[in-house]
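Trainee: Could you take one part of this model and look at it closely? I am new to it, so please spell out the terms as you go.

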Amino acid sequence: MAFTKKEQSLLKDLQKDEKLCAEKYHKAAEAACDPTLRQIFQRLETAEQNHYDTVTQMLAGTVPAMQTKPAQSGKAPKDLKSTASRAEKKSDAYLLGDLLATEKFVSGVYNTAVFEFCDPKARQALAAIQQQEQQHGKELADYMTANGMY
């Protein structure tokens, strides 16, 4: 599939953003104090890597079929209560705030891309990733709410 220069530029931006997201989740997982939060970050890192791979495929001219429901790489934990100390929670809250802001930003970039792409299959793939990004943000916000951080 041939994309316009503008579409290619958007895909390159998204590719960089997804690489950064995966790296941020990796570093956050290493730094997280709460084991449950570490697990969430690791799972979301995998999801962001999948987004990176999808965008890379699109740049190569292949638009993969996407699920219409947000993909889950593993299950989100049900008990979100942190076992970390007060100081550790403060550190975890910083990581969460940064990642939530990142998810909001990336979701907005996908929103713009959906409107800019002409091909319906490409738009569908980008919209599916955007929904997944929104789900990531919800998971982060849910954890923050459960622990008095939001």
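Mentor: Start with Phe 117. This residue is buried, because its relative accessible area is 2%. Buried means under 20% relative accessible area, exposed means over 50%, and partly exposed lies in between (1.4 Å probe, protein chains only). The model is predicted: local features need pLDDT of at least 70, side-chain atom pairs count only at pLDDT 80 or more, and totals for chains, interfaces and linings use all residues. Residues are numbered from 1 along each chain as its sequence is written, and side-chain values use heavy atoms, with hydrogens and water left out.

Now the partner ring. Searching the whole structure gives two aromatic pairs. Rings of Phe, Tyr and Trp (its six-membered ring) pair if their centres lie within 6.5 Å; planes under 30 degrees apart are stacked, over 60 edge-to-face, and the rest tilted. Phe 3 and Phe 117 form an edge-to-face pair, because their ring centres are 5.4 Å apart and their planes stand at 70 degrees. The two residues are 114 apart in the chain: Phe 3 is in the segment before α1, and Phe 117 is in the loop between α3 and α4. Helices here are DSSP runs (H or I, at least four residues; strands are E, at least two), numbered from the N terminus. Phe 3 is buried too, with a relative accessible area of 11%.

The other pair is Tyr 25 with Phe 41. Their ring centres are 6.0 Å apart and the planes are at 55 degrees, so this pair is tilted. Tyr 25 belongs to helix α1 and Phe 41 to helix α2, so the pair ties together parts 16 residues apart in sequence. Tyr 25 is buried at 1% relative accessibility. Phe 41 is buried at 0%.

Next, the core around Phe 117. A nonpolar core is a set of buried Ala, Val, Leu, Ile, Met, Phe, Trp, Tyr and Cys residues joined through side-chain atoms within 4.5 Å. The largest such core has 20 residues, and Phe 117 is among those with the most contacts inside it, along with Phe 3, Leu 11, Leu 14, Met 58, Tyr 110 and Leu 126. Four helices each supply at least two of the core residues: α1 (5–31), α2 (35–59), α3 (86–116) and α4. A second core of 17 residues is separate, and it includes Leu 37, Phe 41, Leu 95 and Leu 100.

Contact means heavy atoms within 4.5 Å. Leaving out residues up to four places away in sequence, Phe 3 touches Gln 8, Leu 11, Met 58, Val 63, Phe 117 and Ala 122.

Cys 118 is exposed, with a relative accessible area of 64%. Cys 21, by contrast, is buried at 1%. The whole structure has zero disulfides; a disulfide is a pair of cysteine sulfur atoms within 2.5 Å.

Then comes the start of α4. Asp 119 caps the N-terminal end of this helix, with a side-chain oxygen 3.1 Å from the backbone nitrogen of Lys 121. Helix α4 covers residues 120–146, 27 residues in total. From first C-alpha to last it reaches 39 Å, close to the expected 39 Å. The expected span is 1.5 Å times one less than the number of residues.

Gln 132 sits in α4. At 7% relative accessibility, Gln 132 is buried. Its side chain makes a polar contact of 2.6 Å with the side chain of His 51. A polar contact is a pair of N or O atoms within 3.5 Å; within protein, one must be able to donate a hydrogen and the other to accept it, and residues adjacent in sequence count only if both atoms are side-chain atoms. His 51 is one of the buried residues of α2. The buried residues of α2 pack against α1, α3 and α4.

Finish past α4. Asn 147 lies in the segment after this helix. Asn 147 is buried, with a relative accessible area of 12%. Its side chain reaches the backbone oxygen of Leu 80 at 2.7 Å. A polar atom of that side chain also lies 2.9 Å from the backbone oxygen of Tyr 143. Just after α4, Gly 148 takes a positive phi of about 65 degrees.
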